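Work through these exercises with the structure in view. Each task is followed by a solution in steps.

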Amino acid sequence: MIFDSAIEKKVRELGLEYPKQIVGRSCESVGLGQEYLWQLPNTHPFYYASVIHDFEYCARLQDNSKVADARMLRNFLKLSDSRPRKAQAYLFYFVARLYGMFNY
């Protein structure tokens with residue numbers, strides 16, 4: 001997948017933060033979750049925030065995953081419309097922090 005103008009348009013419509021350096025980049029596996037473990041559909045409210053996060057991981061714009069993970073959480077919280085959704089945002093953030101500590 002390429003972070004193209006269509007994805008950027010949707011991300012802007014949702015009011016999400018993203019680093020401009022990921023525009024035009026390519027990443028093989030994007031989405032909410034890991035294909036080999038679990039992956040939620042692209043209709044999930046957090047999907048586009050996860051796409052941003054995955055592109056940041058692919059581009060390795062930082063020395064570690066903390067900045068990408070923090071941006072992901074902020075974007076998830078922007079998209080959260082209920083307490084259960086906010087709880088899910090923090091759960092996904094925790095999983096991303098664990099993953100990033102070992103795989104970034």
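**Exercise 1.** Decide whether R71 is buried or exposed, then find its salt-bridge partners.

*Solution.* 
Step 1. This model is predicted. In it, R71 has a relative accessible area of 12%. Buried means under 20%, so R71 is buried.
Step 2. One partner is E17, with 3.8 Å from N to O. R71 sits in helix α3 and E17 in the loop between α1 and β1, 54 residues apart, so this pair links distant parts of the chain. E17 counts as partly exposed, at 25% relative accessibility.
Step 3. Another partner is E56, with 2.8 Å from N to O. E56 lies in helix α2, 15 residues from R71 in helix α3. Both R71 and E56 are buried.
Step 4. Now widen the view. E17, E56, R71 and R74 form a network of salt bridges.

**Exercise 2.** Find the disulfide and state which parts of the chain it ties together.

*Solution.* 
Step 1. There is one disulfide in the structure. C27 and C58 form it, with their sulfur atoms 1.9 Å apart.
Step 2. C27 lies in the loop between α1 and β1 (32–34), and C58 in helix α2, so the pair ties together parts 31 residues apart in sequence.
Step 3. Check the cover. C27 is buried, at 2% relative accessible area. C58 is partly exposed, at 41%.

**Exercise 3.** Which residues touch the most other members of the largest nonpolar core, and which element gives the most to it?

*Solution.* 
Step 1. The core has 22 residues, and F3, V11, F46, I52, F55 and F76 touch the most other members.
Step 2. Elements giving two or more residues are α1 (5–13), α2 (47–59), α3 (66–79) and α4 (83–103). α2 gives the most, with five residues.
Step 3. Take I52. Beyond its neighbours within four places in sequence, its contacts include F3, V11, L16, Y18 and R71.

**Exercise 4.** Identify the residues of the nonpolar surface patch of about 630 Å².

*Solution.* 
Step 1. L91, F94, V95, L98, M101 and F102 make this patch.

Methods:
Residues are numbered from 1 along each chain as its sequence is written. This is a predicted model: local features need pLDDT of at least 70, side-chain atom pairs count only at pLDDT 80 or more; totals for chains, interfaces and linings use all residues. Side-chain values use heavy atoms; hydrogens and water are left out. A nonpolar core is a set of buried Ala, Val, Leu, Ile, Met, Phe, Trp, Tyr and Cys residues joined through side-chain atoms within 4.5 Å. Buried means under 20% relative accessible area, exposed over 50%, partly exposed in between (1.4 Å probe, protein chains only). Helices (H or I, at least four residues) and strands (E, at least two) are DSSP runs, numbered from the N terminus. Contact means heavy atoms within 4.5 Å. Patches are made of residues with over 30% relative accessible area and no salt bridge: like charges are joined within 9 Å, nonpolar side chains (Val, Leu, Ile, Met, Phe, Trp, Tyr) within 5 Å. Accessible areas come from the Shrake-Rupley method with a 1.4 Å probe; for residues, only the protein chains shown count as cover. A salt bridge is a side-chain nitrogen of Lys or Arg within 4 Å of a carboxyl oxygen of Asp or Glu. A disulfide is a pair of cysteine sulfur atoms within 2.5 Å.
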